[in-house]
Amino acid sequence: MSTIFNPKLFTMLKDGISKEQIYSDVIAGTIVGIVALPLAIAFAVASGVSPEKGIITAVIAGIIISALGGSKVQIGGPTGAFIVIVFAIVEQYGIDGLLISTIMAGIILIFFGLFKLGNLLRYFPEPLIVGFTSGIALVIFSTQIKDALGLDIDHVPSDFFEKWATYLHHMHEVNPYALAITAATILITVYFKYINKKIPGSFVAIILLTLLVQIFDVPVTTIGTFFSSISSEITFAIPDFQLSDLGTYLVPAFTIAILGGVESLLSAVVADGMIGGKHRSNTELIAQGIANITTPFLGGIPATGAIARTATNVKNGGRTPIAGIVHALVLLLIMLFFINYAKLIPMSILAGILIVVSFNMSEYRSFISILKGSPYDYIILVTTFILTVLVDLTFAIEVGIVLASLLFMHRMANIDGNKMIKSDDEDDIENYETLPKGISVYEIGGPVFFASAKQYAQQLQTIGIQSQVLIIRMRYVSFIDSTALHNFKETIKLLRESGISVLTSGTNDDVFKELKHHGVVELIEESNMHKTYQRAVAQARELLSKEA
């Protein structure tokens, strides 16, 4: 059990944390707490629940995920990806149905961790992740048009096309004040960082624009229009349910568990790349499960690792779970003493914040890049995107995984062996022993695709970091998909930043085109990419002699 569940905080406390690092974590946690406040409120309201539920989630889940998680710097709480799912569950099953589904999702996540499914992320191709993330971003954007324009609509349809048809039908009712506030919120959120990088623009937008609305009595709807009272208390309550109805909640529970698991592990992977660390994926899933079991009893909603807040934590010096705990405590203090002022916040401010969130979630650069790449990746991306927007996330992921597997098998069946470059010599691995110390060789033995991408990247990093020059032999690589390209690129960046020279040999023309399209050739430099292994070794020796 200890190998499966081994929280990073316990390990770091055992090893010791310096006073300087604790200070840095407290500062980072405070900043992240301020960043999280407007997001927690916006995510809750957009999900169809009261504002305090978002803050409660950030507080309770934030503490649990940081204290028990497998990442040093993960920040937990409500996220934009859950908005669509939570809103749909509340609409269909009510708030008790949401709480039961979340608790069941937590149990499922714990089982994922206990059965060591923490590496399941490797089976999610990059086009699939970008497809459903972009799809969710579009859906979130669509849900905010009513408040962004101040439209007077009693009920907005859930169907994507019907929703937009309703908006167009009411377009003559646009409230210019609401539109101006939305535009101002977007501008402040996006551009305030050029004035002050420590204070988040979304926080400034909420304070400044809410004050202006109240001072000048601007006629726009506020949170108080929909929620007459907002509680500042965290109370324990058991949701009302019948045992015979639990089967009804299995589908929403699995949806929450799958999305929560994927997003938390994706956030942990991103964080690893930023700090050069290595998270414990199974521990992370168990911690996420415990958080989602606990939070609903205290009035919260689903939680997971938040990529943007985790990145903010790292950029501000957070390097231990103490930062995540501090972030939660900051939110708790704000909730206890200032939550009643949340009623004054105009809905158009929250809409502006969520429009920025949806834009950042869209991953439009990756989306466009994949569209221009392999047709196999293009099919997975577009299919997942369309199904996420028009059907639902769970169905989109299921179809995406099956489609990725089928396309991979088709791709393997159509490999042209003649396209693989054979080196001038057919050397065995023993030949590598004659190389000077400081030169390492890593040979990739076949196609590099989503299921093997992470493993190859980790091995490359492990071998490369111990070298001065790393030669990557690619003579047997028949194709490389976008997931592998993403991992490959991030690994090369890390090695180059560590002062390690990277060379390649034996890349076939099709793989070279993919590497060039995704910016890997530019990163490695074309002069370091050779047709034959002998030329790569010759350059490696030359580089080594220069460094000496």
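**Cavities and a helix pair**

Q: Which residues line the second largest cavity?
A: The second largest cavity is lined by I444, V448, A453, Y456, A457, L460, M474, I480, A484, N487 and F488. A cavity is a set of points on a 1 Å grid over the protein atoms alone where a 1.4 Å probe fits but cannot get out, and lining residues have an atom within 4 Å of a point. This is a predicted model: local features need pLDDT of at least 70, side-chain atom pairs count only at pLDDT 80 or more, and totals for chains, interfaces and linings use all residues. Residues are numbered from 1 along each chain as its sequence is written, and side-chain values use heavy atoms, with hydrogens and water left out.

Q: What is the volume of the second largest cavity?
A: Its volume is about 60 Å³, taken as the space filled by probe spheres set on the grid points, which are joined across faces, edges and corners.

Q: Which element gives the most to that lining?
A: α19 does, with 4 residues. Helices are DSSP runs (H or I, at least four residues), numbered from the N terminus.

Q: And the largest cavity, which residues are closest to its centre?
A: About 100 Å³ of space lies in the largest cavity. Of its 13 lining residues, A404, F408, R411, F450 and D481 are the closest to the centre.

Q: Changing topic, at what angle do α8 and α9 cross?
A: The axes of α8 (residues 176-191) and α9 (residues 201-215) cross at roughly 145° and come within 8 Å. Axes are lines fitted to C-alpha atoms over the stretch in contact (heavy atoms within 4.5 Å), with angles from 0 to 180 degrees between N-to-C directions.

Conventions:
Helices (H or I, at least four residues) and strands (E, at least two) are DSSP runs, numbered from the N terminus. On a 1 Å grid over the protein atoms alone, a cavity is a set of points where a 1.4 Å probe fits but cannot get out, and a pocket is an open set with protein on both sides within 12 Å along at least five of seven lines; lining residues have an atom within 4 Å of a point.
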